[in-house]
Amino acid sequence: MSDQDKSVTKRRGFYIPGYDPFHPRRYRELYRKESALQAEISSYEIGLKPKQGKGPYGWHVSATIEGMSVESEVEVLYWADLVKTSMNMGIAATYGVMARTAWTYIGSGALWRLMRLRKGPVIAAFYPVGFLLLQAFLAWLVAYGIAQLFQMFGLGFIGTIVGWGLGACAAYGVLEWFRRKDNKFFAYYLMHDYAYSARTNGANPPELEGRMSEFVARISDALDADVDEVLIVGHSSGAHLGVSVLADVIRSGRLREDGPTLSFLTLGQVVPMVSFLPDAWRLRADLAFLAVQNSPFWVDVTAPGDGCAFALCDPVSVSGVAPADKSHPLVFSAAFTQTLSPERWNALKRRFFRLHFQYLCAFDRPKDYDYFQITAGPKTLIERYKGRPASKSRIETPVNRYTRVGP
């Protein structure tokens, strides 16, 4: 039986989060809430149970879709601890990181080439820089105002020293207030996100390579299990991790002709933010390698309404490494303006970070993209989308300056 004709009764799923410091419990609860909503809208049954046994964090999904019962084990490939460690720095260090990150993207020329793809994610990259500078300016105004107030009292040199000393303390208080409220502003979070890859010019940090090796082992073991499909989902920054992890899985020789169907779904990808950097040769090589493989079947879903993603940008082609015989990924749009009702779109369209997670949520006017049917339904990814045309408005023009695929 070919992969196109294979039905799924048992599945192993692996979710690779983006640069996210949150506990995997967050993804389980999001899946629980949104799957129930989508099941009600689309008239199928789905339910979650805790994962049985020891091992990495995950959950069990039982679903009846299209008249078929499917059991799926979902596992989160955890790297949030690395994210937390990379974010663990003070105010001064964050401003230093901001300067180095800006220089990396500007000095390498990557920033200007990224702007030729999509303005949204580049504007999102400018936001933390602009907002952190605004915070610094407001802090300086507070310090200057206090210093001027002391000078008005005519206290001479001592008054000036005391005024600026108190002003500096007040300025620090302003900056610390903004840092503590970053769960509302996201300036520090986004700055550390962009800095994580920029600090190594696009190369994977050693600690991340070590964690990715663990991911390779988990997926390789799943390929030996008695299941019909092994599905890897990479969201946001997790998309480019997934590319390299799956490239390593294939190179390891663990794929079997008589084994489970291997599938790869990338959502809201930001691959060019990394692949356009000078030393991202490992990622570029993996993109070119994965693009010509028969397995996994690779689908890339984005939406122009998601301002944080490189919507409809073929990650292989725009990175300048598309081989002549390229066959993956299939790129199409989740079309938020069509798959969400006007009322829901109006409620979400200015909530940029929420929209970046919409791929993992329910749609009240779903078309052929349904995250829960993909991850818990009776069809493999290739069966679901084989023959589906790519979006006509996708961008495939190679604009990357750096196309080296070796050290």
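This is a predicted model: local features need pLDDT of at least 70, side-chain atom pairs count only at pLDDT 80 or more; totals for chains, interfaces and linings use all residues.
Local features need pLDDT of at least 70 and side-chain atom pairs count only at pLDDT 80 or more, while totals for chains, interfaces and linings use all residues. Residues are numbered from 1 along each chain as its sequence is written, and side-chain values use heavy atoms, with hydrogens and water left out.

Helix H9 (residues 206–222) packs on H10 at an angle of about 55°, the axes lying 9 Å apart (axes are lines fitted to C-alpha atoms over the stretch in contact, and angles run from 0 to 180 degrees between N-to-C directions; helices are DSSP runs of H or I with at least four residues, numbered from the N terminus). In H9, Leu208, Met212, Phe215, Val216, Ile219 and Ser220 meet Leu241, Ser244, Val245, Asp248 and Val249 of H10, contact meaning heavy atoms within 4.5 Å.

Turning to its other partner, H10 (residues 237–251) meets helix H12 (residues 281–290) at about 65°, with axes 9 Å apart. Residues of H10 in this contact include His240, Val243 and Leu246, and those of H12 include Arg282, Leu283 and Phe289.

The largest pocket has a volume of about 930 Å³ (a pocket is an open set of points on a 1 Å grid over the protein atoms alone, where a 1.4 Å probe fits, with protein on both sides within 12 Å along at least five of seven lines; lining residues have an atom within 4 Å of a point; the volume is the space filled by probe spheres set on the points, which are joined across faces, edges and corners). Of its 44 lining residues, Tyr19, Pro21, Tyr189, Leu190 and Asp193 are the closest to the centre. Helix H8 supplies the largest share of the lining, eight residues, and H10 is among the elements that give two or more.
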